[in-house]
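User: I would like to learn how to read a few features of a structure. Please take them one at a time.

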Amino acid sequence: MMPFLARRAAALVAAVLLASFTVFLIPYVTPGDPVRKIIRSRVAGDVIDDSAVDALSLQLGLNDPLWTQYLRWLGRLSSGDMGLSYTSRTPVAEQVLPALWITLSLVVLALGAAAAISVILGVTAALQEGRPADKAITAVTQAFIALPEYWLAPLFVLVFALQLSLLPSAGWEGPHSAVLPVAVLALRPTSYFTSAVREGVLEALSAEHVAAARSRGLSHLQTVWKHVIPNGLLPLTTLVAVWFAGLLGGSVIVEVIFAIPGMGRLLFDGVLNSDIPLAQGAVVVVVGLAVLLTTAADLVHGLLNPQIRMSHA
Amino acid sequence: MRKLPVHVRAAGAVLLLIVLSVALAAWIAPYPPAEQNLAARLAAPDAAHLLGTDHLGRDTLSRLLDGGQFSLTIAALATVLTAVTGTAVGVLSARRRGWLDEFFTRTNDVLLAMPEMVVALFLVAALGTGYPSLLLALTVTGWTPFARLARALAYDVSARGFIEAAKVVGCPPSFIVLRHILPHLAGPLLGQATLRFGQFLINVGALSYLGLGVQPPQSDWGSMLAAAQPYAVRAPLTILVPGLVIFAVALCVTLIGQHVSRVTGSRLLLSTVPSRAVAHA
Amino acid sequence: MPEGLIIEKLRVGHRADSRQGSPTPILSEMDLSVAPGEFVALVGTSGSGKTMTALSVLGLLPPQIHVESGSIRLGGTDLRAAGEAELNRVRGGRIGMLFQQPKRMFNPRRTIGNHLAEPLQLHRRLRGRSARMQALDLLAEAGFEDPAWCARAYPHQLSGGMAQRAMLAVAMAGRPELLLADEPTSALDKVLELQILELIGRQRHSHGLGVLYITHDLATVSAFADRVVVMEAGSVQESGPVRTVLDSPRTTCTKDLLRASALPAAPAPSDIPSRTILDLQGVTKRFRSTRRGARPALEGVSLDFREGEILGILGQSGSGKSTLARLILGLETPESGSITRFPGTKHNRAGITGTEVQLVFQEPHDVFDPRMKLRTSLEAPLLQRPDCTAEDRTARIVEVVREVELDPALLDRYPSQCSGGQLQRLTIARALLLEPAVLICDEATSALDAVTQRKVLDLLLRLHRDRQLSLIMISHDMNVIRYMSHRVAVLFQGALVEVAPTAEFFARPRHGHSKELVAAALPVPQAARACQHVASTIRVPGVRDLVGSPDAR
C-alpha cells in the first residue's frame with residue numbers, strides 16, 4: 001500500500017506542476033507583450049509609458065529566467081495571490097472563492113443525486129436481469145448518455161420555467177434555482193453509474209462465493225445484502241471520483257446557460273474576455289481540485305479492497 | 001450481418017440516413033445555408049421550409065444539412081486520431097512495461113483527472129479558435145480511454161499462453177503485435193470508437209454553443225442551438241431540431257457501440273474507469 | 001427411525017420451459033444413502049452428475065434445472081418438501097459443504113473470520129466473544145497452528161490447501177450431521193489431498209459426521225471410504241463396500257476409473273550418452289513481487305542435461321519448475337550463475353531465445369491463438385525462414401502433423417474445434433517443425449484425462465526414440481515422472497534438493513521432501529498410513545512467508 005501511495009502522490013505532484021506550468025505560460029504564448037500583460041495583472045493602476053514598464057518589470061523580476069519567475073508565481077499562487085482580474089480590476093482570489101462554493105455544491109448535489117438514483121436503478125436492473133424492468137432501465141439510462149446538456153437545459157427552461165412557471169430559469173438563489181441545473185448535470189453520470197452498478201452487481205451475483213454463502217444457510221436476501229451489493233457497488237466509488245473531475249468541467253455549460261456565478265462561468269468569462277489572470281486562476285483551482293479528489297477516491301478504492309490494501313507492491 | 005437486434009438495425013438506418021443527407025447537402029439542400037429571407041423570419045414549418053426558418057429567415061433544414069458537415073467531420077477526425085494514438089500508446093505500454101508503462105499510465109491518470117471541457121476551453125483560449133485548435137482540444141485528453149482499454153486488453157492477451165508459445169517458436173515481436181495482439185483488440189476498440197464518436201459530437205457542439213468552436217459565417221449544430229436560444233419561446237422548433245439531430249446521431253452510435261462492445265466482450269465502462277481499476281479488477 | 005441421508009429414485013432434469021432444456025434427464029433412478037458416521041465416496045468422470053446430486057440435496061440447483069421425482073431425506077426430514085426457511089436451517093446447519101475451488105468460494109473482501117461468523121450466528125446463535133472463541137477452535141481443529149492469524153486473513157492470503165482447510169472449518173461451524181465434499185482436492189496436489197482427507201476423517205470420528213465425498217479419483221479416496229458409489233451419465237452404475245468394488249469391479253466404467261490411476265515405471269535406459277547439452281551452474285533468479293503475487297524464485301540451481309536423455313523435474317506448484325523452464329528457454333535471464341546451451345556450438349549464449357529448445361505447455365487450449373486457423377499458427381515460425389517457400393511449408397506441416405498421428409484436415413480448424421489431446425499433439429508438431437534438440441514438457445499432460453495422457457506420453461517416447469529428441473519432463477505427477485524419465489531432479493522451494501537415477505530415486509529417496517513425495521505416490525492404502533504423520537504435523541506458515549509466497553495469489 002505504501003509504495004502505491006507514494007506513486008500516486010508523485011503523480012499528483014507532477015500533475016499539479018504540469019498544469020500550473022502550462023497555465024503560467026499563458027501570458028507568454030498568447031499574442032501581445034507578456035511583460036505588459038503581467039504588469040496589468042499585478043498593478044492596479046494603468047501603466048502606459050515605457051520607462052514605468054521597465055521599472056516595474058525590474059521590480060517584479062520579469063527579466064529573470066523563466067523558471068525563477070515560475071517558482072515565484074507558484075509561491076504567490078500557494079499563498080492565494082492570483083493577481084488582478086483585467087475586467088473587474090479586483091483580486092481574482094476574491095472572485096474564485098465564492099464561485100468555488102457554488103460550483104462545488106452544484107457538483108456535489110448532482111453527483112449525490114446521480115449516485116443515489118443509479119444505486120436504486122442499477123441494483124433493481126441487476127436483480128431483475130432480462131425482465132422488463134431491467135430492459136426499461138437500461139434503455140432509458142443509455143439514452144441519457146446521448147443527451148447534450150446544452151440542448152436539454154434550454155428545453156427544461158422552456159418547459160418548466162417559461163411554460164409551466166414552476167422553477168426559476170436562471171440564477172443561484174435558493175433551492176428552487178438549483179433543481180434544473182442539478183437535473184441537467186446529473187443526467188449523464190446517472191447513465192454511467194447505473195450501468196456500472198448493474199454490471200457490478202451482476203458480476204458479484206455470479207461469483208462462486210455467492211453460491212457458497214447459500215450453502216452456509218444464508219437466505220437469498222441475506223446473501224444479496226451481505227455479499228452481492230457491497231461487492232457490486234465497489235466500482236462506483238472510483239467512477240464517482242472520475243466524474244467529479246468531469247462535472248467540474250461539465251458545469252461550464254450549465255453555469256453559462258443558467259447564469260450561475262460559479263467556477264465554470266468564471267472560466268468562460270475569463271476566456272471570452274481574454275482576462276488572463278481570471279482564466280489562470282479558474283483553471284488552476286479547478287484542475288487542482290479535480291486531481292486532488294481523484295487521488296482521494298483512488299485511495300478510498302484501495303482501502304476498500306484488501307488485495308490492494310495489503311499488497312507490498 | 002448475422003442476427004442484429006432490431007434496435008441496432010434501426011440505429012444503423014437512422015445514422016446512415018443522416019450521414020448520407022449531410023454528405024450530399026450541396027445537392028439536396030433546398031436553399032443555400034446562408035441565404036437570408038428577412039420577410040420569413042422564424043417561420044413555422046410549411047411546404048417552402050420543411051423545418052421552418054431561423055431569426056434571419058434562413059432555412060433550418062438547409063443549415064442543418066450544411067452544419068452537419070462540420071460537426072460530423074471533426075468528430076470523426078477526432079475519433080480516428082485518438083483511436084490510433086491511444087491504441088499505439090496502450091499497446092506500447094503493455095508490451096514494454098517498466099518505466100514507459102508507468103509513465104503512460106500516470107499521464108493517463110493525470111489526464112483523466114483533468115476536466116475535458118476545462119482543458120478544451122483553455123486550449124481554445126490559448127491557441128485561438130479554428131479547426132486545428134479545436135481538434136487539438138478534443139484529442140489532447142481524448143486519447144486516454146483508448147490507451148487504457150488497449151493497454152488493459154493487450155496486457156491480458158500478452159499473458160495468454162499463445163503469445164509465449166509464439167515467442168518460443170521464434171515469431172518476431174512485429175508478428176506478435178500485428179497478428180496476435182491487434183486482432184484481439186479490434187472489436188472492443190471499435191466499440192469504444194463508436195461510443196467516443198458520439199461523445200466527440202456532443203463536445204464539438206458544446207464548444208460551438210459557447211462560441212469557441214466554429215466561427216460565423218460557418219455554422220454547425222451547436223452554434224445553431226446557441227443562435228436560436230433567444231427565440232426559443234417564439235419558435236421552439238429552432239432549438240428543438242438541431243439538438244434532436246445531435247441526440248439522434250449520438251444515440252444511434254451509442255446503441256451500435258454498446259452492441260459492438262457487448263458482442264466483442266468488452267464493457268462500455270472501461271472507458272471511464274482509471275487504468276489501475278481496469279487492469280487489476 | 002430413519003437415519004442419515006437417504007436418496008431414493010431421484011430424477012433431475014431441465015425445466016420444460018427452459019430453452020436449452022434437453023429431454024434427457026441429468027440424474028435418473030438415483031439411489032444413494034449415507035449413514036451417520038459413514039464415509040461414502042461418489043465417484044465418476046466429469047459430467048456424470050455428481051455435482052448435481054450434491055446441489056439437489058441442498059436445494060440449490062440452478063433455476064433452469066429441477067428435481068422431477070424421487071425423494072431426498074435427511075435424518076427423517078423430507079428435504080424435497082421442505083420450505084425455503086427449513087432448507088436454510090439445513091444448509092450449513094445440518095449439512096456442511098466443501099467445494100472444488102476453495103479460494104473462489106470465499107468473498108474476497110471479507111476475512112475468514114467473517115465467513116465463520118455467519119454459520120455460527122445462523123445455526124448456533126453465537127455472537128461476539130463466544131463466536132470468536134468458537135471460530136478459533138474450529139480453525140485449530142482444521143489444522144491451523146495460528147487460528148487467530150487465519151481468522152484475520154483475507155482469502156487471497158491463503159494457499160489452496162489452507163483455503164480448503166478454512167472451508168472445512170466453515171462447513172463444520174454449524175455442527176452438521178453430513179458433510180458434502182465436491183471434489184475438494186482435485187485442484188490440490190497429492191500430499192495436500194491426503195492431508196484434507198485425513199482431517200475430514202478426524203472430524204468424522206470425533207463428531208459422528210456422515211461424509212459424501214465426490215471425486216473422480218477412485219484410488220485415492222478408497223483408503224478412507226467405507227462404501228463407493230460409481231456414477232456414469234446420471235445414474236448409479238455400481239455401489240458397495242470399498243474392498244468389493246476395488247477388488248472385483250463389475251462394470252467397465254469402474255475398471256476404466258481404476259486403470260486411470262496406474263502408470264508403469266519407465267524401463268531402465270540402455271545407455272545415456274555423456275555429452276552435456278545444457279549446463280546450469282548456480283542459477284539464481286528472484287522476482288520482484290507485484291500486486292499479482294511473485295513468481296517462484298530459484299536459488300543456486302546447478303544441473304547438467306545430457307544429449308538423448310529424458311530428465312524428469314519433479315516439484316509441487318510454487319517450487320520454481322516453470323521458472324526453470326523459462327530460464328532454459330531464454331525467456332528469462334538469470335540473476336546470477338550461468339546457463340550454457342550446447343557447449344562448444346554457436347547457440348550457447350544465455351538469455352537468447354533460439355528454436356533449438358522447444359516447449360510444450362500445460363494448457364493446450366491456450367497455446368494457439370483462438371482467432372487463427374491452426375494452419376496459420378503452425379506456419380508462423382516457418383515464415384521467418386527466407387529459404388522456405390509456401391509449398392515447402394505446407395509439405396513440412398503436413399509431414400509433422402502425420403508424425404504426431406493426426407489428420408492434416410485438422411489444420412483448417414480453429415483451436416476451439418479441437419480436443420485437448422489433439423491440441424497438445426499439434427503443439428508438439430509445431431515444435432518438431434523447428435527440429436529442436438531438446439523438448440521441454442512443462443506439465444504437458446496434467447490438463448488431459450488419463451487415457452489421452454498415456455497416449456501423448458507414448459508419442460513423446462516414440463519421438464525420443466525416432467528423432468533422438470532429448471526430453472525434459474516437468475511435472476508434479478510422480479507417475480508421469482516414473483513412467484518417462486531416466487533421471488529425476490527434485491525442486492523444492494526454488495532449490496534443487498536431489499538428482500538421482502529414477503529407479504534409485506523411487507527406491508531410496510534421500511531428501512525429506514523427496515521421501516514425502518515418494519510416500520504420497522505409493523499405492524494408496526500405504527500412502528495413507530505414510531501420510532498420517534504428515535497430517536498430524538501440518539505446519540501453518542507465518543504471515544511473513546505467506547504474503548510474498550507464490551501460493552498467496
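**Contacts, core, interface and sheet**

Analyst: Start with a single residue in this predicted model. Leaving out residues up to four places away in sequence, Val286(A) touches Leu248(A), Met263(A) and Leu267(A), together with Pro115(B) and Val118(B).

User: Which residues have the most contacts inside the largest nonpolar core?

Analyst: In soluble globular proteins, nonpolar side chains tend to be buried together. Here the largest nonpolar core has 327 residues. Those with the most contacts inside it are Leu267(A), Val286(A), Val118(B), Leu121(B), Leu212(C), Tyr213(C) and Ile440(C). Helix H11 of chain A, residues 220–257, gives the most to this core, with 19 residues.

User: How many residues does each chain bring to the contact of chain B with chain C?

Analyst: The size of an interface is often given as the accessible area lost when the parts come together. Counted by residues, this contact takes 16 from chain B and 19 from chain C. On the chain B side, helix H8 (161–168) and helix H9 (173–209) each supply at least two residues. H8(B) gives the most to that side, with six residues. By class, the chain B side has nine nonpolar, five polar and two charged residues.

User: What is the strand order in the open sheet of chain C?

Analyst: Strands of a sheet pair through backbone hydrogen bonds, either parallel or antiparallel. In chain C, the four strands run in the order S2-S1-S4-S5, with antiparallel pairing. The edge strands, S2 (27–34) and S5 (77–78) of chain C, each pair on one side only.

User: How many bridges join S1(C) and S2(C)?

Analyst: Strand S1 of chain C (residues 5–14) pairs with S2(C) over five bridges, in the antiparallel sense. Ile6(C) has Ser33(C) in S2(C) as its bridge partner.

Note on methods
Residues numbered from 1 in each chain as written. Chains lettered and ligands numbered in written order. Predicted model: local features only at pLDDT ≥ 70, side-chain atom pairs only at ≥ 80, totals over all residues. Contact = placed C-beta atoms within 7 Å. Nonpolar A, V, L, I, M, F, W, Y, C, P; charged D, E, K, R; others polar. Core = buried A, V, L, I, M, F, W, Y, C linked by C-beta atoms within 7 Å. Buried ≥ 20, exposed ≤ 12 C-beta atoms within 10 Å, placed from the backbone. Pairing = 2+ DSSP bridges.
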